[in-house]
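Student: Could we go through this structure by asking, for each label, which value and which cut-off stand behind the label?

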Amino acid sequence: MPYLISALAVAAGAVVLMALLVRLACSTRGLARTTRSSGARLADRRGPLTARIAALQVELAKQRRARNEEGSGA
């Protein structure tokens, strides 16, 4: 009789564990889907931002060269 109670407790624990694993797998799939869609949206916006940063770096380099030429020519 004590073995029957132990076996039922183990079976109940296994059922609870399987239920938790199924819920966790569903949540993980939803998170992965959200991450993919967010990554795609960010990639679309990253291109123009990268171009703007490059343009600003070129402008700063021009200003530095101009300042250095003024300082060395004077």
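Tutor: Buried residues make up 0% of the 74 residues in the protein, where buried means under 20% relative accessible area, exposed over 50%, and partly exposed in between, with a 1.4 Å probe and protein chains only. This is a predicted model, in which local features need pLDDT of at least 70 and side-chain atom pairs count only at pLDDT 80 or more, while totals for chains, interfaces and linings use all residues. Residues are numbered from 1 along each chain as its sequence is written, and side-chain values use heavy atoms, with hydrogens and water left out.

Student: What makes the protein more spread out than a compact globule?

Tutor: The protein has one helix and zero strands, these being DSSP runs (H or I of at least four residues for helices, E of at least two for strands). Its radius of gyration is 31 Å, well over the 11 Å that the globule rule gives for 74 residues, so the protein is more spread out than such a globule; the radius is taken over C-alpha atoms, and the rule is 2.2 Å times the number of residues to the power 0.38. Along the principal axes, the C-alpha trace spans about 105 × 25 × 5 Å.

Student: Why is threonine 34 called partly exposed?

Tutor: Threonine 34, which has its place in helix α1, has 45% relative accessibility and therefore counts as partly exposed. Between the C-alpha atoms of threonine 34 and asparagine 68, 34 residues apart along the chain, the separation is 50 Å.

Student: How do you know that glutamate 59 and lysine 62 meet in a salt bridge?

Tutor: Their side chains come to 3.7 Å, N to O, and a salt bridge is a side-chain nitrogen of Lys or Arg within 4 Å of a carboxyl oxygen of Asp or Glu, so the contact qualifies. A search of the whole structure finds one salt bridge. Glutamate 59 and lysine 62 are three residues apart in helix α1 and therefore separated by about one helical turn.

Student: Are these two residues, glutamate 59 and lysine 62, buried or partly exposed?

Tutor: Glutamate 59 is partly exposed, with a relative accessible area of 39%, and lysine 62, at 43%, also counts as partly exposed.
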